[in-house]
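Reader: I am new to this. Can you walk me through it, feature by feature?
Author: Gladly. Have the sequence and the model open.

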Amino acid sequence: LGDDHRGVGRIGIVGVGQSFSGAAGIGNLLDTARFYMAKTLAPTGNATAKIYDTIGTNGTSAIPTGAALATSGTLDVTTLTGVLTLKTFSFTGANQIELRRDRVYFVSVEYSGGDGANNVQVGYDGSAPTHAGNYTDLTGTTWTAQSGRDTVFYVDITARDWALPGAGFRVLQNGSVFTHLVIYNPAAATSLITSVVELSNG
């Protein structure tokens, strides 16, 4: 495979992932998670991505706690190749949870259908890890944080469309400053009022 990678679905390892801080902003909804993935030989079955709450210290010892807060749709692992490629897991419906900026979450990719020869590989950075979170893997039912590596991942968010009678509103953000409240018509996808008020996250 040529790059740093962790076998999932083999010798008891059924998940890997990374802790991360929630996105700054108001009403940011989980949309997708992406990981670099490949396969060894011919694994079968489905992999999923999950979001958890965490315990421990982000960056050194954070691990998932409790049941998953959100679970993605499945990825058929037979579609993977022998080369690490960015793969997307989508979250829909009740799994499109809000990611709050004051919480530390954990994103994982999980797969249990392989064996010692046929398994899934998930890419990580073991040469120069700089992410603020920490890598953790799941063996059986036990999560173990490890230093010296970061899972290579992306968590993508989408703005929440807040409900108002016949309309909605959205907060626009520039970095950490909330700049405008926009009243808009979702059906027509047009703004009714813009720059109603300037906001700051203080």
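Author: Start with strands. Helices (H or I, at least four residues) and strands (E, at least two) are DSSP runs, numbered from the N terminus. Two strands pair if DSSP finds at least two bridges between them. Here, strand β4 (residues 46-55) and strand β6 (residues 75-76) run antiparallel, joined by two bridges. Ala-47 has Leu-75 as its bridge partner in β6.

Reader: What am I looking at, and how are residues numbered?
Author: This is a predicted model, in which local features need pLDDT of at least 70 and side-chain atom pairs count only at pLDDT 80 or more, while totals for chains, interfaces and linings use all residues. Residues are numbered from 1 along each chain as its sequence is written, and side-chain values use heavy atoms, leaving out hydrogens and water.

Reader: How many bridges join β4 to strand β8?
Author: Six, and the two strands run antiparallel. Strand β8 covers residues 104-110. In it, Glu-110 stands opposite Thr-48. β4 also pairs with strand β5 (residues 63-71), in the antiparallel sense, over five bridges. There, Lys-50 stands opposite Thr-71.

Reader: Which way do side chains point in a strand?
Author: In a regular strand they alternate between the two faces of the sheet.

Reader: Which side chain makes a polar contact with that of Asp-137?
Author: A polar contact is a pair of N or O atoms within 3.5 Å; within protein, one must be able to donate a hydrogen and the other to accept it, and residues adjacent in sequence count only if both atoms are side-chain atoms. For Asp-137, the partner is the side chain of Gln-146, at 2.8 Å.

Reader: Where is Thr-32, and what does it touch?
Author: Thr-32 is in strand β3. Its relative accessibility is 11%, so Thr-32 counts as buried. Its side chain has a polar contact of 2.6 Å with the side chain of Asp-156. Leaving aside neighbours within four places in sequence, the contacts of Thr-32 include Thr-88, Phe-91 and Tyr-154.

Reader: How many aromatic pairs are there?
Author: Rings of Phe, Tyr and Trp (its six-membered ring) pair if their centres lie within 6.5 Å; planes under 30 degrees apart count as stacked, over 60 as edge-to-face and the rest as tilted. The whole structure holds six aromatic pairs. Take Phe-20 and Phe-153: ring centres 6.0 Å apart, planes at 50°, so the pair is tilted. Phe-20 lies in strand β2 (residues 13-21) and Phe-153 in strand β13 (residues 153-159), so the pair ties together parts 133 residues apart in sequence. Phe-20 is buried at 7% relative accessible area, and Phe-153 is buried at 13%.

Reader: What about Phe-35 and Phe-89?
Author: Their ring centres are 6.2 Å apart and their planes at 75°, so this pair is edge-to-face. Phe-35 sits in strand β3 (residues 28-40) and Phe-89 in strand β7 (residues 85-90), 54 residues apart.

Notes: Buried means under 20% relative accessible area, exposed over 50%, partly exposed in between (1.4 Å probe, protein chains only). Contact means heavy atoms within 4.5 Å.
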